[in-house]
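Subject: Structure handover

Hello,

Please find the structure below, with the sequence alongside it. My notes come after it.

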Amino acid sequence: MKAALAEARKGFNEDEVPVGAVVVVEGKIVARAHNLRESLIDPTAHAEILAIKKAARKLGGWRLNRATLYTTLEPCPMCAGAIVHSRVRELVYGADDPKSGACGSIMNVVSSGHLNHRVKVRSGVLKKESSEILKKFFRKIRTRTRTRK
């Protein structure tokens with residue numbers, strides 16, 4: 001999770017919403033990413049999606065059934081769907097997302113009995129640190145917006 005937080009800090013420094021993700025297989029990080037929606041002008045460039053894509057390329061297959069995905073924020077519905085469809089074994093996240101979290105907050109995509117794969121979930125890991133960087137980022141954005149008016 002500390003590596004995911006390091007990725008989130010990279011995003012913060014690039015004026016991206018500071019969410020970081022890493023994919024770990026057998027105790028080794030195989031992929032890392034942070035949000036790049038603004039830089040890539042791509043609404044799908046969430047940290048989790050980018051990390052999953054990198055891991056699949058590195059491992060030579062889309063099935064990540066031996067992987068654990070660490071992310072600093074509870075995944076949204078799009079990312080939760082990608083986690084399920086890539087067969088990630090376990091998801092570990094820091095901060096809950098009460099507005100768009102799809103791993104228990106507003107819905108639970110990763111544990112849905114309607115889908116063909118369920119993901120083991122651990123939440124609240126480094127929750128304080130994960131929440132703080134997001135709060136700091138949005139304070140910075142609000143301050144910047146107020147000074148432009």
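The notes below go from the whole chain to single residues.

**Overall**

Please keep in mind that this is a predicted model. The protein chain contains 5 helices and 5 strands. Their order along the sequence is α-β-β-α-α-β-α-β-β-α. With a radius of gyration of 15 Å, close to the 15 Å that the globule rule gives for 149 residues, the chain is as compact as a globular protein of that length. The C-alpha trace spans about 50 × 30 × 25 Å along its principal axes. As for burial, 48% of the 149 residues count as buried.

**Salt bridges**

How many salt bridges does a search of the whole structure find? The search gives 6. In general terms, side chains of opposite charge can pair when their charged atoms come close. I describe some of the pairs here.

One of them joins the side chains of Glu 26 and Arg 66, at 2.6 Å from N to O. This pair links distant parts of the chain, 40 residues apart. Glu 26 sits in the loop between β1 (20-25) and β2 (28-34), and Arg 66 sits in the loop between α3 (47-59) and β3 (67-73). Glu 26 is exposed, as its relative accessible area is 65% and the cut-off for exposed is over 50%. Arg 66 is partly exposed, with a relative accessible area of 45%.

Two further pairs share Glu 90. The side chains of Arg 89 and Glu 90 form a salt bridge at 3.7 Å, N to O. Is Glu 90 buried or exposed? Glu 90 counts as buried because its relative accessibility is 7%, and the limit for buried is under 20%. Arg 89, at 40% relative accessibility, counts as partly exposed.

The other pair is made by the side chains of Arg 122 and Glu 90, at 3.1 Å from N to O. Arg 122 counts as partly exposed, at 38% relative accessibility. Taken together, Arg 89, Glu 90 and Arg 122 are linked in a network of salt bridges.

**A positive patch**

Which residues form a positive surface patch? They are Lys 135, Lys 136, Arg 139 and Arg 142. Arg 142 belongs to helix α5 (residues 127-148). Its relative accessible area of 45% makes Arg 142 partly exposed.

**Backbone angles**

Most residues other than glycine have a negative phi. Against that background, two residues are worth a look. As noted, Glu 26 is found in the loop between β1 and β2.

Ile 41 also has a positive phi, of about 50 degrees, and is not a glycine. Where is Ile 41 placed? Ile 41 is in the loop between α2 (37-40) and α3. At 76% relative accessibility, Ile 41 counts as exposed.

His 46 is found in the loop between α2 and α3. At 14% relative accessibility, His 46 counts as buried; the limit for that is under 20%. The C-alpha atoms of His 46 and Val 19 are separated by 7.9 Å, and the two residues are 27 residues apart along the chain.

Ser 39 is in helix α2. Its relative accessibility is 45%, so Ser 39 counts as partly exposed. What separates Ser 39 and Glu 14 in sequence and in space? Ser 39 and Glu 14 are 25 residues apart in sequence, and their C-alpha atoms are 8.2 Å apart in space.

Regards

Note on methods
Residues numbered from 1 in each chain as written. Predicted model: local features only at pLDDT ≥ 70, side-chain atom pairs only at ≥ 80, totals over all residues. Heavy atoms only, no water. Patch = residues over 30% accessible without salt bridge, like charges linked within 9 Å, V, L, I, M, F, W, Y side chains within 5 Å. Areas by Shrake-Rupley, 256 points an atom, 1.4 Å probe, with all protein chains shown as cover. Salt bridge = Lys/Arg side-chain N within 4 Å of Asp/Glu carboxyl O. Lys, Arg positive; Asp, Glu negative; His and termini not counted. Charge placed at Lys NZ, Arg CZ, Asp CG, Glu CD. Helix = DSSP H or I, 4+ residues; strand = E, 2+ residues; numbered from the N terminus. Buried < 20%, exposed > 50% of the residue type's maximum accessible area, 1.4 Å probe, protein only. Rg over C-alpha atoms; globule rule 2.2 N^0.38 Å.
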